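Open the model in your viewer and keep the selection tool at hand. The stops below say what to select next and what is there.

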Amino acid sequence: MVSPRLTLRPGDDTASRQLEAEGIHPLLARLWAARGITRAEQARLGWDRLHPPAQLTHNQQAASLLADALAAGQRILIVADYDCDGATACAVALRALRAMGGQVDFLVPNRFETGYGLSPAVVELACRHHAGKPDLILTVDNGIASIDGVEAARVAGIEVIVSDHHLPGDTLPDALAIVNPNQPGCGFPSKNLAGVGVAFYLMLALRAELRQRGVYPANGGPRLDELADLVALGTVADVVRLDDNNRLLVSQGLARIRKGRMQPGVRALFAVAARDPRSASAFDMGFAVGPRLNAAGRLADMSLGITCLITDDDALAEKIAHELDAINRERRSIETVMRDEAMQAMENTEASQSACVCVFNPNWHQGVVGLVAARLKERFWKPTLAFAPADDDEIRGSGRSIPDVHLRDALDLVSKRHPQLIRKFGGHAMAAGLTLGREDLPFFRDAFDQAVQTLTGRSQFDPQIETDGSLESAFANADVALMLQAQVWGAGFPAPSFLDRFVVRDQRLLKGKHLKLSLERDHQRFDAIWFGQSELLPEYIEAAYRLEPNTWRGVVSAQLVIEHAQAAH
């Protein structure tokens, strides 16, 4: 187990004073300034500050093609991805296209049968779709790497529009249009849109095109802001960087959820997760709602999750949400077994000498290896790949990385050095997937290790918890905890973590695995909890912690959630 270093996030006193002068709460001013916000205007997350859809390369062209398809009454088929981002992107596109009169249905590849993206096998399924063979396929959250699939579709007489956010390879598919902020030459200011964000932008452009054609009056057509809950959920669940534009999208979605204005499926998922939508946070979406949707794609079929998001029938949404909750519980128990087996396997290897972690077990479940990789990455603080059997001679892996290592670049380097080794791969800096021949794993493990060392010049990496320094005593209260909870935090705009010294006045174990604490600082007492910590602490500690509201019997108090603690010298 690696022990993190506790560090201080660099502040910006000038920006902090400027924000305070503009009326921002002093603590929030300090936190925002340390995250790059210099003026209060930057933190104003109204729709009028959204980057214009016309700036997204090919967005206008794709919208025009979709408008033509609607006018001609063509059959449109959305081909989605089987994660939360893909499911929400599918729901956004399908709800919007149907609201604009489209004849539209969806198809989501099965993780275990056809794999990821628009493959020739998925095109075959599209040709036999129960809604009839489509005239046009729209990909959401996939397609940028589907060169063979787009070609197969065209041979079958189906045109393709690609909407995606993943990093492109050297060759782009021969689609009618490609909407992707990360494609070469795209000048869109936010490269961090999730798949659902790209789909939403395409629907905004389509509505603008229909207004221009006179189908709708100047401000007419469906209210696309009503889909903001879906956009927020997919954006948070895909852990994309929350730049200003993404924070705006998430903030607008959360505002709707807190007012109770959401899709029946989102409401039902909040209910089965026992989360109150009135105080919804990005944390709820990332750790409670998102995983229940993702579970369908991991263990079963994401069609179930998408149906939950597109139905307007409250009873059906509730029924499916309960099914998703049951699948998620099953996923948890499978993950626990696999994680324990992985940890045991690691104890028997020379993990400390390697720059990466690579594990495989013939009994593992393909849909859960990514979660195991995430757990091992946290424990050993190295880029980690976990593999499960796919076909007779193939294994499929899912990887998670650390900030020092761009995972897709590392796999790309392996692929260039050993062209036949990786059969398929794709992903981003922090997460990726790949397929290997089973007998190639030992050779790949060495090649991957060398690639990581080549890119970083290192074989060891130090985890750190970046904190915002001491929390002023006057701000350590429930009101401030509620204020912080109401903000949008996430990847690239991290939730505040504070660093202080405490005296441990009382401590006890909860359920044998969580540490409940009473801490004291400057004659002020705090309730605190450290989840997943079973060892008792010394009397004097230095702790990194979050300030969170804790509601008990209707009374809100401040609680410290410990992230890491060590003996204070």
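Two strands are called paired if DSSP finds at least two bridges between them. Helices (H or I, at least four residues) and strands (E, at least two) are DSSP runs, numbered from the N terminus. The model is predicted, so local features need pLDDT of at least 70 and side-chain atom pairs count only at pLDDT 80 or more, while totals for chains, interfaces and linings use all residues. Residues are numbered from 1 along each chain as its sequence is written, and side-chain values use heavy atoms, with hydrogens and water left out.

**Stop 1**

Select S14 and strand S15 (residues 524-530), which pair in the antiparallel sense over seven bridges. Glu520 has Arg525 in S15 as its bridge partner. The two strands form a hairpin with two residues between them, and Asp522 in the turn has a positive phi of about 50°.

**Stop 2: two positive phi values**

Most residues other than glycine have a negative phi. Select Lys511, in the loop between strand S13 (498-510) and strand S14 (514-521). Phi of Lys511 is positive, near 50°. Is Lys511 buried or exposed? At 78% relative accessibility, Lys511 counts as exposed. By definition, buried means under 20% relative accessible area and exposed over 50%, with partly exposed in between (1.4 Å probe, protein chains only).

**Stop 3: the five-stranded sheet**

Select the open sheet with the strand order S7-S8-S9-S11-S10 and mixed pairing. Strand S7 (357-360) and strand S10 (422-427) stand at the edges with a single partner strand each, so one side of each has no neighbour in the sheet. On average, neighbouring strands are turned by 15° against each other, direction ignored. Axes are lines fitted to C-alpha atoms, for helices over the stretch in contact, and angles run from 0 to 180 degrees between N-to-C directions.

Within the sheet, strand S9 (residues 394-400) and strand S11 (residues 431-437) run antiparallel and are joined by seven bridges. Ser398 has Gly433 in S11 as its bridge partner. Helix H14 (residues 369-380) packs on the sheet, touching S7, strand S8 (384-389) and S9, and its direction makes about 45° with that of S9. Contact means heavy atoms within 4.5 Å. Helix H15 (residues 407-417) also packs on the sheet, touching S8, S9, S10 and S11, with its direction at about 155° to that of S10.

**Stop 4: a helix crossing**

Show helix H11 (residues 282-299) and helix H13 (residues 314-347), whose axes come within 8 Å and cross at roughly 70°. That makes H11 roughly perpendicular to H13 (65 to 115 degrees). Residues that meet here include Pro291, Leu293 and Arg298 in H11 and Leu324, Ile327 and Arg331 in H13.

**Stop 5: the cores**

A nonpolar core is a set of buried Ala, Val, Leu, Ile, Met, Phe, Trp, Tyr and Cys residues joined through side-chain atoms within 4.5 Å. The largest has 125 residues, of which Ile78, Met203, Leu206 and Leu484 touch the most other members. Helix H7 (residues 195-212) gives the largest share of this core, 11 residues. A second, separate core of 26 residues includes Ala355, Ala410, Leu434 and Leu441.

Conventions. Parallel < 35°, antiparallel > 145°, perpendicular 65-115°, else oblique.
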